[in-house]
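Colleague: Please pick one part of this model and go through it closely. After that, tell me how it sits within the rest of the chain.

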Amino acid sequence: MNTLNDLAQTIAERAKADPDSSWTAKLLAKGPEKCAEKFGEEAIEAIIEAIKNDRAGLISESADVLFHLLVMLQSRGVALDEVLAELARRQGTSGIAEKAARPKP
């Protein structure tokens with residue numbers, strides 16, 4: 001997980017950069033909605049690679065998904081550690097039980 005933590009830290013630092021000097025700063029300057037849109041685009045591209053059974057493509061697109069997930073989290077002030085804590089909280093609970101315990105909409 002060090003790589004993800006390092007990447008999250010780099011994104012946090014780039015958030016303070018001049019948008020003309022950093023792709024990350026430029027994306028964040030466009031707002032959380034654009035960051036979410038970009039995350040969605042990358043997720044769809046990863047899905048396509050999985051459907052095509054293109055291993056190299058799926059690896060590459062998955063890296064893009066993780067990067068853009070972290071950018072989206074940054075745009076809304078959510079720390080990676082908060083997401084990791086939620087995963088830790090769920091650890092050891094079956095997916096069926098965890099989903100059943102969620103509040104009903």
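Modeller: N53 is exposed, since its relative accessible area is 68%. Exposed here means over 50% relative accessible area, buried means under 20%, and partly exposed is in between, with a 1.4 Å probe and protein chains only. N53 sits in the loop between α3 and α4. The phi angle of N53 is near 60°, which is a positive value in a residue other than glycine. Most residues other than glycine have a negative phi.

This is a predicted model, so local features are given only at pLDDT of at least 70, side-chain atom pairs only at pLDDT 80 or more, while totals for chains, interfaces and linings use all residues. Residues are numbered from 1 along each chain as its sequence is written, and side-chain values use heavy atoms, with hydrogens and water left out.

Helix α3 covers residues 32-52; helices are DSSP runs of H or I with at least four residues, strands are runs of E with at least two, and both are numbered from the N terminus. I51 is in α3 and counts as exposed because its relative accessibility is 69%. I51 also belongs to a nonpolar surface patch with I44, I47 and I48, and together the four have about 410 Å² of accessible area. Patches take residues with over 30% relative accessible area and no salt bridge; nonpolar side chains (Val, Leu, Ile, Met, Phe, Trp, Tyr) are joined within 5 Å, like charges within 9 Å. The areas themselves come from the Shrake-Rupley method with a 1.4 Å probe, and for residues only the protein chains shown count as cover.

E49 and K52 are 3 residues apart in α3, so about one helical turn separates them. E49 is buried, because its relative accessible area is 13%. Another salt bridge joins K38 and E41 at 3.6 Å, N to O. K38 and E41 likewise lie in α3, 3 residues apart, about one turn of the helix. E41 counts as partly exposed, with 32% relative accessibility.

R90 is partly exposed at 30% relative accessibility, and E86 is partly exposed at 27%. Salt bridges with shared partners also join K38, E41 and E42 into one network.

H68, in helix α4 (residues 55-75), is in contact with W23, L27, K38, F39 and E42, leaving aside neighbours within four places in sequence. Contact means heavy atoms within 4.5 Å. H68 counts as buried because its relative accessibility is 5%.

I11 is in α1 and is buried at 2% relative accessibility. Setting aside neighbours within four places in sequence, I11 is in contact with T24, L28, F67, L70, V71 and Q74. A8 also lies in α1 (residues 2-14) and touches L70 and L80, not counting residues up to four places away. The C-alpha atoms of A8 and V65 are separated by 13 Å, although the two are 57 residues apart along the chain.

As for the whole chain, there are 6 helices and 0 strands. Buried residues make up 25% of the 105 residues. Of the contacts between residues at least 6 apart in sequence, 53% join residues at least 24 apart. The accessible surface is about 7,300 Å², with 57% belonging to carbon and sulfur atoms. The C-alpha atoms fill a box of roughly 45 × 35 × 30 Å along the principal axes. There are 14 positive and 17 negative side chains, and the centres of the two sets lie 5 Å apart. Lys and Arg count as positive and Asp and Glu as negative, with His and the chain ends not counted; each charge is placed at NZ of Lys, CZ of Arg, CG of Asp or CD of Glu.

How values were computed. Salt bridge = Lys/Arg side-chain N within 4 Å of Asp/Glu carboxyl O.
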